[in-house]
Amino acid sequence: MIRGSADHGEEIAALQFVNSGSTSCVLVGYPSVTLLLNGKRIGQPSRPATAAQSVRTLNPGDVAESLLHDYTSCQAPLSDSLRVRAPGMSLTSVRPAQLRGCVLRVDKLGAAE
């Protein structure tokens, strides 16, 4: 996760996925993000920002990116980490992050900026 910018009532971070394998892979769907506090889920898992289909082919070494929008308009507790699952995968990764999980939305996968 790469911390991004903020707008009134919204924080933005980039979720990046790297193909570290030796063959191409296809990511179908949207990443899933769950906020954690002391290892326990807080708030609701993320939802896709649009209904548009998200399909991204990654060659070895390629990076795909999805923006995470955290709408911070409530008084939910701050997370201390987040659990990210790549589209179509079962493995997750936990990274430190302080976000307020009022409403989490993820964009479709695109090229890393």
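Trainee: Leaving aside neighbours within four places in sequence, which residues is Arg47 in contact with?

Mentor: This is a predicted model, numbered from 1 along each chain as its sequence is written. Local features need pLDDT of at least 70, side-chain atom pairs count only at pLDDT 80 or more, totals for chains, interfaces and linings use all residues, and side-chain values use heavy atoms, with hydrogens and water left out. A contact means heavy atoms within 4.5 Å. By that test, the partners of Arg47 are Leu104, Arg105 and Val106.

Trainee: What distance separates the C-alpha atoms of Arg47 and Val106?

Mentor: Arg47 sits in strand β6 (residues 47-48). Strands (E, at least two residues) and helices (H or I, at least four) are DSSP runs, numbered from the N terminus. Val106 is 59 residues away along the chain. Yet the C-alpha separation of Arg47 and Val106 is 6.2 Å.

Trainee: Is Arg47 buried or exposed?

Mentor: Buried means under 20% relative accessible area, exposed means over 50%, and partly exposed is in between (1.4 Å probe, protein chains only). Arg47 has a relative accessible area of 53%, so Arg47 is exposed.

Trainee: How many helices and strands does the protein have?

Mentor: From the N terminus on, the elements run β-β-β-β-β-β-β-β-β-β-β-β. The count is 0 helices and 12 strands.

Trainee: What is the radius of gyration of the protein?

Mentor: The elements are 0 helices and 12 strands. For 113 residues the globule rule gives 13 Å, and the value here is close to that, so the protein is as compact as a globular protein of that length. The radius is taken over C-alpha atoms, and the rule is 2.2 Å times the number of residues to the power 0.38. The radius of gyration is 14 Å.

Trainee: What share of the contacts with a separation of 6 or more comes from residues 24 or more positions apart?

Mentor: Asn19 gives a local example: Asn19 touches Leu58, Asn59, Pro60, Gly61 and Asp62, among others. Across the protein, the share from residues 24 or more positions apart is 75%.

Trainee: Which backbone oxygen lies 2.9 Å from a polar atom of the Asn19 side chain?

Mentor: Asn19 lies in the loop between β2 (10-18) and β3. Asn19 is buried, with a relative accessible area of 7%. A polar contact is a pair of N or O atoms within 3.5 Å; within protein, one must be able to donate a hydrogen and the other to accept it, and residues adjacent in sequence count only if both atoms are side-chain atoms. The oxygen at 2.9 Å belongs to Thr23.

Trainee: Which backbone nitrogen does the side chain of Asp70 reach?

Mentor: Asp70 is in strand β8 (residues 63-71). Its relative accessible area is 0%, so Asp70 is buried. At 3.1 Å, the Asp70 side chain reaches the backbone nitrogen of Arg100.

Trainee: How far apart are the C-alpha atoms of Ala97 and Ala112?

Mentor: Ala97 is in the loop between β10 (92-96) and β11 (103-106). Ala97 counts as buried at 7% relative accessibility. Ala112 is 15 residues away along the chain, and the C-alpha separation is 20 Å.
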